[in-house]
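Hello,

Here is the structure for you to look over. My notes follow below.

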Amino acid sequence: METIEKVFNLLTETPEYVSGQQIANKLNISRTAVWKAVSSLKQRGFLIEGKTRMGYRDLPSMKLNEDGIRRYLDSALDLTFETYEQIESTNDFCKNWLSIKKYQNLTLFCQNIKQAVTAAMDKTSFLQKSAEST
């Protein structure tokens, strides 16, 4: 597991502030590595709050991003994600997307993380049941 994943997991499992030094000690990494991981998480769109003399904490977001969805799923799942900040018309987007991509795999369109995770779990369950029946 990479440093960024370890820092992310620690922050999402702890609702209160965690100091950079506490994170560094717990993960056996430098405070600089903690700072770099937090900066990288922020660049990926995660809401990480940092307060002087208090530390960092994760502010949960419903913003769709691949990392946010994957954290709720089994890491062994082989799924591909495409996320978008905003779509003008879902109907127009789906029609256009399907006419261009011609995917044979099951495709899920979701508007938030909860919906995406639920759909991905349902897809996995559906695929496992299909494999068992053949």
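Residues are numbered from 1 along each chain as its sequence is written, and side-chain values use heavy atoms, with hydrogens and water left out.

The protein chain has an average pLDDT (the predictor's confidence in each residue, from 0 to 100) of 78, and 69% of the residues score at least 70. Confidence is highest in helix α2 (residues 20-27), at 96, and lowest in helix α6 (residues 113-133), at a mean of 58. Where pLDDT is low, the predicted coordinates should not be read in detail.

Helices (H or I, at least four residues) and strands (E, at least two) are DSSP runs, numbered from the N terminus. Gly45 sits in the loop between α3 (31-43) and β1 (48-51). Gly45 counts as buried because its relative accessibility is 15%; buried means under 20% relative accessible area, exposed over 50%, and partly exposed in between (1.4 Å probe, protein chains only).

In α3, the buried residues are Val34, Ala37, Val38 and Leu41. Down the axis of α3 they fall within an arc of 100 degrees (taken from the directions from the helix axis to the C-beta atoms), so they line one face of the helix. Trp35, Lys36 and Gln43, on the other side of α3, are exposed.

Regards

Methods. This is a predicted model: local features need pLDDT of at least 70, side-chain atom pairs count only at pLDDT 80 or more; totals for chains, interfaces and linings use all residues.
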